[in-house]
Amino acid sequence: MLPERVRTDAESGDWLFGRGTMDMKAGLTVQLSMLERAMNGHFDGNVLLITVPDEEVNSRGMIEAVPALKEIKHKYHLTYTACLNSEPIFEKFPGDQRQYVYTGSIGKVLAGFFCKGIETHVGEPFSGLNANLMVSEINRLLELNVNYCEMADGEVTPPPVNLMQKDLKEAYSVQTPHTAVTLFNVLTMQRSARKPAILFFSCCHI
Ligand SMILES: [Zn+2]
């Protein structure tokens, strides 16, 4: 059952629905139409359109594109002056009608923790330290913790969110997991990645 707002939008005929419509087909459409205008002489300068896959997983596209961009720059003696990224915009609150243009960028740190506990047999639980307990404790401290948000020019970063958490056991057994990993998305505005002061706490109780 569709939420009321979605149904109203769908029935209005003013909205396009479909997989990837917002991210990233709409952006590509805008870029192609800008390129068309530039080709027809409505822009004084050079425009380079680059489209890359895999944005939300391992960024293979952008990582591969960087050397190509450098090569094009040298080959054609270009000076890159601006980069327009036509990612979608987001509501600040439900029903927000404003259309935003984002400037600048945001820093991202993928904070990873490897926890090493002590293995034990399930029948002797107090003889070991379960690595899943350790990653759970880190998760409890970090997930959605607004103390780690950063504010700059009226913008607030989203709080840390866990992106992956698992023990490293390869198969089921009655031995407790003694290694586990957890990864957190931490966004920054002014804070340097070199000094992630927020993440200094001990996770090792051995
Ligand atoms: Zn996107």
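Biologist: What makes Gly61, Ala65 and Leu69 in α3 buried?

Modeller: Buried means under 20% relative accessible area, exposed over 50%, partly exposed in between (1.4 Å probe, protein chains only). Gly61, Ala65 and Leu69 are buried, so each falls under 20%. This is a predicted model: local features need pLDDT of at least 70 and side-chain atom pairs 80 or more, while totals for chains, interfaces and linings use all residues. Numbering starts from 1 along each chain as its sequence is written, and side-chain values use heavy atoms, without hydrogens or water.

Biologist: Why is α3 called a helix, and how does its span compare with expectation?

Modeller: A helix is a DSSP run of H or I, at least four residues, numbered from the N terminus; a strand is a run of E, at least two. Helix α3 (residues 60-76) has 17 residues, so it qualifies. The expected span is 1.5 Å times one less than the number of residues.

Biologist: Where does α3 kink?

Modeller: At Val66, by about 30°, shortly before Pro67. The bend is the angle between axes fitted to the seven residues ending there and the seven starting there. Just after α3, His77 has a positive phi of about 50°.

Biologist: How do you know that β1 and β5 pair?

Modeller: Pairing needs at least two DSSP bridges. β1 and β5 (residues 179-188) have 10, running antiparallel.

Biologist: What makes β1 and β4 edge strands?

Modeller: The open sheet has the order β1-β5-β4. β1 (107-116) and β4 (161-167) each have a single partner strand, so one side of each lacks a neighbour in the sheet.
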